[in-house]
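Please look over the sequence and the model shown below before reading the notes that accompany them.

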Amino acid sequence: MGMITDRMRRQADDNRQAAVWARDHGNEQRARQLEDRTDELESGNVTDVTDQLSALIRWAFRR
């Protein structure tokens with residue numbers, strides 16, 4: 001299992017708020033999708049590779 005980063009926690013919080021908004025505006029299917037994604041983020045099964053990807057891109061552009 002992966003570690004839950006601050007970036008992933010913020011995204012989970014944003015998804016939860018977006019799900020509430022979507023549900024309030026009659027879009028139940030989108031709200032469920034956002035809640036499912038929130039559950040994935042909080043489960044630790046999602047790996048945050050943003051920093052590694054950024055480093056790889058910087059390395060590639062230096063060459």
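This is a predicted model: local features need pLDDT of at least 70, side-chain atom pairs count only at pLDDT 80 or more; totals for chains, interfaces and linings use all residues.

Residues are numbered from 1 along each chain as its sequence is written, and side-chain values use heavy atoms, with hydrogens and water left out. The axes of helices α1 and α2 come within 8 Å and cross at roughly 160°, and the two helices are therefore roughly antiparallel to each other.

**Helix α1**

- Helices are DSSP runs (H or I, at least four residues) numbered from the N terminus, and α1 covers residues 6-24.
- Met8, Ala12, Asn15, Ala19 and Ala22 of α1 are buried, where buried means under 20% relative accessible area, exposed over 50% and partly exposed in between, with a 1.4 Å probe and protein chains only.
- Seen down the axis of α1, these buried residues fall within an arc of 90°, so they line one face of the helix; the arc is that of the directions from the helix axis to the C-beta atoms.
- An α-helix has 3.6 residues a turn, so residues three or four places apart point the same way.
- The face of α1 turned away from its buried side carries the exposed residues Asp6, Arg10, Gln17, Trp21 and Asp24.
- Glycine 26, which follows α1, has a positive phi, near 80°.

**Helix α2**

- Helix α2 (residues 28-43) has 16 residues and reaches 22 Å from its first C-alpha to its last, close to the 22 Å expected at 1.5 Å a residue.
- The buried residues of α2 are Ala31, Leu34, Thr38 and Leu41, and, seen down the axis of α2, they fall within an arc of 85°, so they line one face of the helix.
- Glycine 44, which follows α2, has a positive phi, near 85°.

**Packing of the two helices**

- The crossing angle is taken between N-to-C directions and runs from 0 to 180 degrees, with axes fitted as lines to C-alpha atoms, for helices over the stretch in contact; angles over 145 count as roughly antiparallel, under 35 as roughly parallel, 65 to 115 as roughly perpendicular and the rest as oblique.
- Contact means heavy atoms within 4.5 Å, and the residues that make the contact include Met8, Gln11 and Arg23 of α1 together with Glu28, Arg30 and Glu42 of α2.
- The buried residues of α1 pack against α2, and what covers the buried residues of α2 includes α1.

**Individual residues**

- Asparagine 15 lies in helix α1 and is buried, with a relative accessible area of 8%; leaving aside neighbours within four places in sequence, asparagine 15 is in contact with Leu34, Arg37, Thr38 and Leu41.
- Threonine 38, in helix α2, is buried with a relative accessible area of 3%, and threonine 38 touches Ala12, Asn15 and Arg16, not counting residues up to four places away in sequence.
- Tryptophan 21, found in helix α1, counts as exposed at 55% relative accessibility, and the C-alpha atoms of tryptophan 21 and isoleucine 4, 17 residues apart along the chain, are separated by 25 Å.

Definitions and conventions. The expected span of a helix is 1.5 Å times one less than its number of residues.
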